[in-house]
Structures are given as C-alpha cells and as structure tokens.
Amino acid sequence: MTDFLAWTQACQARIEALLGDLLPSPQIVPRRLHEAMRYAVLDGGKRVRPLLAFAAAEVTGAPADRAQYAAAAVELIHAYSLVHDDMPAMDNDALRRGKPTVHVEFDEATALLVGDALQSLAFETLAHPGLNHDPAVQLKMMRLLAQASGSRGMAGGQAIDLASVGKPLDLTELEFMHIHKTGALIRASVQLGAQCGTLKDATRNALDHYAKCIGLAFQVVDDVLDAEASTATLGKTAGKDAADNKPTYVSLLGVARARELAQELRTDAYAALSDLGKPAQRLRQLADFVVERKF
Ligand code: GRG
C-alpha cells in the first residue's frame with residue numbers, strides 16, 4: 001500500500017506540473033479568464049481519472065511521458081464539468097475542492113467561459129503529437145473523448161440528471177444516468193491511457209469491463225459519502241442529494257446495501273483483469289481506492 005501511495009503521489013505531481021504548463025499564464029491576456037482557469041484546475045481534486053489513465057498505460061506498456069497527455073485531457077474535461085455543474089442553472093453549489101466555486105470566486109460569465117476554454121484545451125492536449133505511433137489511432141482517441149464527454153456521454157447524463165430531480169427513478173434508470181454522467185469519462189480515462197500503447201482487442205474489452213464496474217462503484221460510493229461524510233472532509237457540500245430530493249443509490253437501496261453493491265462491483269472489476277497479470281496491479285489498487293475512499 002505504501003508503494004501505491006508513492007505511485008499516486010508521483011502521478012499526481014506529474015499531472016499537476018503538466019496542467020500548470022498547459023494552462024495559459026495569468027500574465028497572458030485575458031488575464032482574469034486565465035486566472036480563473038488555473039483556479040478551477042490546479043491544486044485540488046483526487047485526480048482519479050489521470051490515475052486511471054496512467055494505470056491503464058502500464059497495462060499496454062505506454063510510457064508515462066506520453067500517457068500524461070491523455071491523463072491531462074480527461075482531467076481538463078472533468079474540471080470543466082465541475083465548473084459548469086456548480087453553476088446556478090445546474091447544481092448551484094458554492095463549495096468545490098474545499099474552496100468557493102468558480103462562479104462565486106469570479107462571476108457566472110467567467111465560469112461559463114472557463115468551462116468552454118477547458119474543454120477546448122482538453123482536445124488541444126489530446127492532439128499533442130505522437131500520443132500513439134499511429135496517427136489513425138490518435139484520431140480515434142480524440143473521437144472517443146468527444147463521444148464520452150458529449151450528448152451521448154457525460155453531457156447527456158447531466159441532462160438526464162437535471163430532468164430527474166424530484167422524480168422517482170428506479171435502479172435501472174439511475175444506473176443509465178450514471179453510466180453516462182460519471183461512467184463515460186471514467187471509461188474514456190482507462191481507454192485513452194491504454195491506447196497510448198499497443199492495445200489488443202481482448203485487453204481493450206477487459207479494460208472496458210473493468211472501467212464500467214469502477215465507474216459505477218465510484219458513483220455508488222459518492223452517494224454513500226454524500227449521505228455520511230462531512231462537508232469539511234469532502235470539500236464540497238455534503239447531504240446535498242437528500243436536500244435536493246435527488247434519487248441516489250442510498251435513497252433507493254439504503255446505505256448498507258449500497259456499500260455491498262460497491263464491494264460487488266469491485267469483485268467484478270478484479271475479475272475483468274484476471275488475465276492481465278502484474279501490469280494491471282495499479283488498476284486493482286485503484287479499484288480498492290475507489291471503493292474504500294473516505295472523500
Ligand atoms: C456540466 C456537462 C456537465 C456535466 C457535469 C460529472 C458531472 C457532470 C457533474 C459532477 C457532479 C457530481 C458531484 C457527480 C458525482 C460524481 C462525481 C463526478 C464527483 C466529482 O468527481 P471527483 O470525486 O472530484 O473525482 P475531484 O474533485 O476529486 O476531482
């Protein structure tokens with residue numbers, strides 16, 4: 001576990017440095033927008049999606065100095081989604097990553113532009129030359145990220161989420177929403193990291209099964225934490241799902257069964273990796289982290 005901690009810290013430091021380089025300096029005009037972009041992205045978050053990309057890259061033997069661009073691209077999409085999600089027209093939240101949300105610290109128009117600009121920067125980053133030795137594969141990677149973050153992926157999941165507030169979703173409908181809203185980008189993180197190396201079909205399928213399980217487990221645990229952890233621990237407003245009358249795994253299943261479900265999903269995620277041996281060890285450890293996390 002100590003070794004896993006050292007690995008996560010090394011990956012987090014690497015991604016922090018790269019994001020710092022990729023984001024325009026606040027000295028460059030428009031200064032306020034660049035300052036707000038850096039505020040939204042730097043020095044915060046668990047960096048789960050980059051960690052998944054780095055771990056998947058280990059499975060296909062992709063060097064970290066290539067995979068880091070895939071890792072940064074997914075984190076930039078994630079950061080944009082958080083900025084927009086927190087805005088008054090959506091979740092209307094004042095706290096994110098332990099500090100005021102972007103529209104509170106800056107203003108709404110700036111927050112909107114921050115999200116737009118981070119999304120563009122994500123695709124610019126994924127277009128970094130040589131992420132795969134075959135440019136056709138890199139083109140497929142860009143398409144994959146576009147689909148995962150668009151209306152048939154994350155943005156679509158968010159639309160379903162907004163439309164379902166106050167409605168009695170059943171478990172299948174809830175799962176459908178989360179597969180899109182949270183799961184699609186988590187799946188993309190794994191696939192993009194892996195595609196920086198040579199990815200065979202059987203490995204692709206195994207990794208995708210793993211990522212689907214982890215994506216859902218991530219959300220189940222998120223619902224449990226929202227119900228049980230404090231605002232101080234989470235760095236975002238706790239208890240918001242119940243206050244907003246949102247359907248969650250906890251509201252449908254109760255905390256105990258939701259916790260069991262997360263364990264079952266971890267078992268399935270492990271099973272998906274059974275043929276991948278030692279190179280998949282980081283992915284197994286990340287499955288443990290996702291299920292056991294406290295924040
Ligand atoms: C606005 C297009 C658009 C999409 C928003 C992902 C999302 C869709 C909204 C986030 C709302 C939310 C709280 C979802 C629950 C799961 C989740 C994605 C939590 C935040 O991700 P973490 O825990 O955050 O990885 P950090 O801060 O650690 O990066």
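Before we start, "contact" here means heavy atoms within 4.5 Å. Keep in mind that this is a predicted model.

Q: Leaving aside its neighbours within four places in sequence, which residues is L207 in contact with?
A: Here we skip anything within four places of L207 in sequence. What remains is a list of eight names, read in sequence order: V59, V190, Q191, A194, L199, L273, L276 and L283.

Q: Is Q191 buried or exposed?
A: Q191 is found in helix α9, residues 171–195. The cut-off for buried is under 20% relative accessible area. Q191 comes in at 6%, so Q191 counts as buried.

Q: Which backbone oxygen does the side chain of Q191 reach?
A: Leaving aside neighbours within four places in sequence, Q191 is in contact with L144, L199, R204, L207 and D208. For one of these, the side chain of Q191 gets to 3.3 Å from the backbone oxygen, and that residue is R204.

Q: Which element gives the largest share of the lining of the largest cavity?
A: The structure holds one cavity of 30 Å³ or more, and the largest cavity has about 110 Å³ of space. Elements giving two or more residues to its lining are α2 (31–41), α4 (64–85) and β2 (99–100). The largest share is three residues, and it comes from α4.

Q: How many charged residues are in the lining of the largest cavity?
A: The lining includes Y39, L82, D86, R96, R97 and K99. By class, the lining has seven nonpolar residues and one polar residue, and the charged ones number four.

Q: Which residues that line the largest pocket are the closest to its centre?
A: The largest pocket has a volume of about 1,000 Å³. Its lining has 45 residues, and the closest to the centre are L82, D85, R96, D222 and K236.

Q: How many residues in the lining of the largest pocket are charged?
A: Elements that each supply at least two lining residues include α3 (48–59), β1 (95–96) and α8 (154–164). Sorted by class, the lining has 15 nonpolar and eleven polar residues, and the charged count is 19.

Q: Is D43 buried or exposed?
A: D43 is found in the loop between α2 and α3, and its phi is near 60 degrees, a positive value in a residue other than glycine. The cut-off for exposed is over 50% relative accessible area. With 65%, D43 is exposed.

Q: What is the phi of R97?
A: Most residues other than glycine have a negative phi. R97, in the loop between β1 and β2, is not a glycine, yet its phi is positive, at about 50 degrees.

Terms used. Residues numbered from 1 in each chain as written. Predicted model: local features only at pLDDT ≥ 70, side-chain atom pairs only at ≥ 80, totals over all residues. Heavy atoms only, no water. Helix = DSSP H or I, 4+ residues; strand = E, 2+ residues; numbered from the N terminus. Buried < 20%, exposed > 50% of the residue type's maximum accessible area, 1.4 Å probe, protein only. Polar contact = N/O pair within 3.5 Å; in protein donor to acceptor, adjacent residues only side chain to side chain. 1 Å grid on protein atoms, 1.4 Å probe; cavity = no way out; pocket = protein on both sides within 12 Å on 5 of 7 lines; lining within 4 Å. Points joined across faces, edges and corners; volume = space filled by probe spheres on them. Nonpolar A, V, L, I, M, F, W, Y, C, P; charged D, E, K, R; others polar.
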